[in-house]
Amino acid sequence: MGTFSTASLGPQDPERTMRTIYLDQNHWIGLSRVAHGRGGSADIGRVLQVLRTAKVERRARFPLSLSHYMETWKHEVPERRERLAQFMLELSGGEPVASL
């Protein structure tokens with residue numbers, strides 16, 4: 001999943017706004033696998049915890065785009081598609097990003 005720094009999600013300065021983090025579909029898939037106990041590394045597990053905490057503390061949001069919905073729909077195995085969709089809804093809160 002590449003390099004990830006949690007420093008950018010550190011304690012929020014009251015004068016700073018919430019960060020918007022756009023996750024590529026492959027990152028949603030990797031994080032979802034970890035969230036559902038279906039593989040992944042301990043590092044990804046730690047990243048997942050940081051992202052969930054940032055969401056709860058309103059330091060970051062993780063919006064979904066139309067391409068996320070389209071890519072998720074392509075999964076041929078309904079159970080995998082449902083797990084991924086549930087995780088994406090959990091972390092994004094269903095918040096959309098405007099398509100250009």
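**Helix α4 and its neighbours**

Modeller: Helices α3 and α4 pack with their axes 9 Å apart, at an angle of about 155 degrees (axes are lines fitted to C-alpha atoms, for helices over the stretch in contact, and angles between N-to-C directions run from 0 to 180 degrees). The two helices are therefore roughly antiparallel to each other (under 35 degrees counts as roughly parallel, over 145 as roughly antiparallel, 65 to 115 as roughly perpendicular and the rest as oblique). This is a predicted model, in which local features need pLDDT of at least 70 and side-chain atom pairs count only at pLDDT 80 or more, while totals for chains, interfaces and linings use all residues. Residues are numbered from 1 along each chain as its sequence is written, and side-chain values use heavy atoms, with hydrogens and water left out.

Where α3 touches α4, His-68, Thr-72 and Trp-73 of α3 meet Arg-81, Leu-84, Ala-85 and Met-88 of α4 (contact means heavy atoms within 4.5 Å). By class, this contact of α3 with α4 has four nonpolar residues, two polar and one charged.

The residues of the contact of α1 with α4 divide into eight nonpolar, three polar and three charged.

The axes of α2 and α4 also come within 9 Å, crossing at roughly 45 degrees, so α2 lies oblique to α4. Here Leu-48, Leu-51, Arg-52 and Lys-55 of α2 make the contact with Phe-87, Glu-90, Leu-91 and Ser-92 of α4, and the classes are four nonpolar, one polar and three charged.

Five salt bridges are found in the structure (a side-chain nitrogen of Lys or Arg within 4 Å of a carboxyl oxygen of Asp or Glu). One of them joins Arg-52 to Glu-90, with the closest N and O atoms 2.7 Å apart. This pair links distant parts of the chain, since Arg-52 sits in helix α2 (residues 42–56) and Glu-90 in helix α4, 38 residues apart.

Technical notes. Nonpolar A, V, L, I, M, F, W, Y, C, P; charged D, E, K, R; others polar. Helix = DSSP H or I, 4+ residues; strand = E, 2+ residues; numbered from the N terminus.
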